[in-house]
Amino acid sequence: MSEKKDPKDTTVLVTGGAGFIGSHTVVALLEDGYKVVIVDDLSNASEKVVGRIGQIVGDEAASRLAFRKADVNDRAALDAIFDEFAIDRVIHFAGFKAVGESVQKPVEYYSNNLGNTLTLVDVMRNHGCKSIVFSSSATVYGDPDALPLTEKSPKKPATNPYGWTKWMIEQILTDLTVADPEWNVVLLRYFNPIGAHPSGLMGEDPKGIPNNLLPYVAQVAVGKRECVHVFGDDYDTPDGTGVRDYIHVMDLASGHAAALAWMNGREGVEVFNLGTGKGTSVLEIIKAFSAACGRDLPYQVDPRRAGDVTANYADCSKAKAEMGWEAKYDIADMCRDSWNWQSNNPNGYED
Ligand code: UD1
């Protein structure tokens, strides 16, 4: 049984805590009074994030934050971190996340994402820590039979190795709770995270050409790319373009804080969707971002992208009923904050 503790007496290890969703979650946890240790190898993140988190939360909260640069696959480094800090819970974000790249590098994706999780849970239990929140994805629902997606909707075969790693890690952590009922596991299935911290100090900083829609649109808005490529306008949706449930990263962050509070003193495994329940098309996103940045963003229609589903959006009633959590930000807020970040930091965290 995971011991019930106050946030001020709880130390949370956040793997991948310097990344996009991780960094916003760390802010939410510090604001809730937790002690936080970030472990991140900075392979897809900047150390500057740690300073930005401090700027946002202020000195007192920043004094409860520690950062250790390490790869979660590095057992010795992880052991040392668990020896140094009395970790009570873990939120596990660290992992490779580029869908297209995962198709090219399946061995690297399986090895890194599954390997680091297996190392992590082994080191955790060796240190008597059996409480973990995992960063999963709506990708586990595949091409849905019915919308909205509830946590009871069937998991479908993934369309790429990245998706399979999310699928398999959910299974591994679930199996763990069967073998040892003391484990306390929450699987959070995110829909499409976008937006940025309203301060403009933190946001998404993709390397190279963005794969995801929002960072691409933001780079068109700032003049780094010429026009948005709309992947197909012949889907069975109101305007023919793909529909997704975009969620503000601030809402995702508060979803993690809600999950930590909810799991306090519990055991077993539970799954929650984190979305808004509302579907938005690619063209609606381009229109909303155009409004946010004050000019009509150019776009052209290209063929469909392999592996894309027509539409998905979440039923989030379980998270509301169980954890008292629901998304607060709308698409206009998401585009405003994303634009604020992108226009203030055209090169992300680089100088
Ligand atoms: C993608 C991943 C998903 C992952 C998620 C993380 C695929 C197939 N899926 O979701 O596994 O969990 O990112 O955020 O990559 N679009 C364009 N032009 C673009 C980019 C995207 O029209 O330049 C369209 C897509 O066709 C889709 C929508 O925008 O309809 C959203 O795409 P994207 O942001 O890549 O997210 P997903 O594909 O939903």
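**View 1. Helix 10 and the glycine after it.** Glycine 294 follows helix 10 and has a positive phi, near 80°. Helices (H or I, at least four residues) and strands (E, at least two) are DSSP runs, numbered from the N terminus. The model is predicted: local features need pLDDT of at least 70, side-chain atom pairs count only at pLDDT 80 or more, and totals for chains, interfaces and linings use all residues. Residues are numbered from 1 along each chain as its sequence is written, and side-chain values use heavy atoms, with hydrogens and water left out.

Helix 10 covers residues 282-293. Its twelve residues should span 16 Å at 1.5 Å a residue, and the end C-alpha atoms are 17 Å apart, which agrees. The expected span of a helix is 1.5 Å times one less than its number of residues. Buried residues of helix 10 are Val282, Ile285, Ile286, Ala288, Phe289, Ser290 and Cys293. Buried means under 20% relative accessible area, exposed over 50%, and partly exposed in between (1.4 Å probe, protein chains only). An α-helix has 3.6 residues a turn, so residues three or four places apart point the same way. The cover over the buried residues of helix 10 includes helix 8 (213-221), strand 8, strand 10 (246-248), strand 12 (280-281), strand 13 (299-302) and helix 12 (331-344). Contact means heavy atoms within 4.5 Å.

**View 2. Helix 9 and its surroundings.** Helix 9 has 15 residues, 249-263. From first C-alpha to last it reaches 21 Å, close to the 21 Å expected at 1.5 Å a residue. Just after helix 9, glycine 265 takes a positive phi of about 85°.

View 3. The ligand is surrounded by 18 residues (near means a heavy atom within 4 Å). The closest are Leu213, His229, Arg244, Arg305 and Asp308. The shell divides into eight nonpolar, seven polar and three charged residues. Here Ala, Val, Leu, Ile, Met, Phe, Trp, Tyr, Cys and Pro count as nonpolar, Asp, Glu, Lys and Arg as charged, and the others, Gly among them, as polar.

A polar side-chain atom of asparagine 192 lies 2.9 Å from a ligand oxygen. For leucine 213, a backbone N or O atom lies 2.8 Å from a ligand oxygen. Arginine 305 places a side-chain N or O atom 2.8 Å from a ligand oxygen. Taken alone, the ligand exposes 730 Å², and the protein buries 89% of that. Accessible areas come from the Shrake-Rupley method with a 1.4 Å probe; for residues, only the protein chains shown count as cover. Strand 7 (192-194) and strand 8 (228-231) are the elements that give two or more residues to the shell. Strand 8 gives the most, with three residues.

**View 4. Serine 137 in strand 5.** Serine 137 is found in strand 5, residues 131-137. With a relative accessible area of 12%, serine 137 is buried. Its side chain reaches the backbone nitrogen of threonine 139 at 2.9 Å. Not counting residues up to four places away in sequence, serine 137 touches Tyr162, Lys166, Leu188, Arg189 and Tyr190.

**View 5. Arginine 304 in a loop.** Arginine 304 is found in the loop between strand 13 and helix 11 (317-323). Arginine 304 counts as partly exposed, at 44% relative accessibility. A polar contact of 3.0 Å joins its side chain to that of aspartate 234. Such a contact is a pair of N or O atoms within 3.5 Å; within protein, one must be able to donate a hydrogen and the other to accept it, and residues adjacent in sequence count only if both atoms are side-chain atoms.
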